[in-house]
Amino acid sequence: MNHEIKPENLAKALIAGNAMITVQSNRTGVHKTYHIYRVNDTYLRVKYGAKHGKILGNIRYVDVDPIFFSSRSDEETRAFEWLFRNQFNIKKLSEQVKLYHDGSCLRCGRRLTTPESIESGYGPKCIKHV
Ligand SMILES: [Zn+2]
């Protein structure tokens, strides 16, 4: 089951560590799901689809500005690049897409059980770290 992520919370969700994020176009209704998970202190990996989906690229995140790297140019990757590029553009995100998480913690991936956790997208321990 999908639960909405507010546009202003997307940037944190992208680097939280174990995020399954679905992006749905307001215009076409087409949706795409990405799994963005931490590989080590420096990198997160971006996969398309469910947990065993294809790798689209990596996010380098050390200090302040995360950077998305990819050698792909397919539709899924371009859609993710759009999302990544506009992650701080709340107005544009609000106008063009709806964002969802799948009911698991965006940071650790555990199933969320309380209404507060489902609303925020994080479990009670993880929310202290985001
Ligand atoms: Zn968690």
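Over how many bridges do strand 5 and strand 6 pair, and in the parallel or the antiparallel sense? They pair antiparallel, over three bridges. Strands count as paired if DSSP finds at least two bridges between them.

1. Basis. This is a predicted model: local features need pLDDT of at least 70, side-chain atom pairs count only at pLDDT 80 or more, and totals for chains, interfaces and linings use all residues. Residues are numbered from 1 along each chain as its sequence is written.

2. Elements. The chain has four helices and seven strands. Their order from the N terminus is β-α-β-β-β-β-β-α-α-β-α. Helices (H or I, at least four residues) and strands (E, at least two) are DSSP runs, numbered from the N terminus.

3. Overall dimensions. The C-alpha trace spans about 40 × 35 × 30 Å along its principal axes. The radius of gyration is 14 Å, which agrees with the value near 14 Å for a compact globule of 130 residues. That radius is taken over C-alpha atoms, and the globule rule is 2.2 Å times the number of residues to the power 0.38. Buried residues make up 28% of the 130 residues. Buried means 20 or more other C-beta atoms within 10 Å of the residue's own; exposed means 12 or fewer; partly exposed is in between; C-beta atoms are placed from the backbone. Of the contacts with a separation of 6 or more, 41% join residues 24 or more positions apart. A contact needs C-beta atoms, placed from the backbone, within 7 Å.

4. The seven strands form an open sheet in the order 1-7-2-3-4-5-6, with antiparallel pairing. Strand 1 and strand 6 are the edge strands, each pairing on one side only. In general, strands of a sheet pair through backbone hydrogen bonds, either parallel or antiparallel.

5. Strand 5 and its partners. Strand 4 pairs with strand 5 in the antiparallel sense over six bridges. Leu44 has Ile59 in strand 5 as its bridge partner. Ile59 also stands opposite Phe68 in strand 6. A hairpin of six residues joins strand 5 to strand 6.

6. Strand 7 and its partners. Strand 2 and strand 7 pair antiparallel over five bridges. Val23 is bridged to Leu99 of strand 7, and Ser25 to Val97. Strand 1 is joined to strand 7 by two bridges, again antiparallel. There, His3 has His101 as its bridge partner.

7. Faces of strand 7. Which side chains of strand 7 point to the buried face? Val97, Leu99 and His101 do, and they are buried.

8. Glu4. This residue sits in strand 1 (residues 3-4). Glu4 counts as partly exposed because it has 14 C-beta neighbours inside 10 Å. Leaving aside residues up to four places away in sequence, Glu4 touches Lys98, Leu99 and Tyr100. From Glu4 to Arg60 the C-alpha distance is 26 Å, at 56 residues apart in sequence.

9. Helix 2. Phe80, Leu83 and Phe84 are its buried residues. They fall within an arc of 95° seen down the axis of helix 2, so they line one face. The arc is that of the directions from the helix axis to the C-beta atoms. Glu75 and Arg85, on the other side of helix 2, are exposed. The cover over the buried residues of helix 2 includes helix 1, strand 2, strand 3, strand 4, strand 5 and strand 6 (67-69).

10. Core. The largest nonpolar core has 28 residues, of which Ala13, Ala19, Ile21 and Ile36 touch the most other members. Such a core is a set of buried Ala, Val, Leu, Ile, Met, Phe, Trp, Tyr and Cys residues joined through C-beta atoms within 7 Å. Elements giving two or more residues to this core include helix 1 (10-14), strand 3 (31-38) and helix 2 (75-85). Strand 2 gives the most to this core, with four residues. Not counting residues up to four places away in sequence, Ala13 touches Ile5, Ala19, Ile21, Leu106 and Gly121.

11. Lys12. Lys12 lies in helix 1. Lys12 is partly exposed, with 16 other C-beta atoms within 10 Å. Lys12 and Glu81 are 69 residues apart along the chain, and their C-alpha atoms are separated by 16 Å.

Notes:
Contact = placed C-beta atoms within 7 Å.
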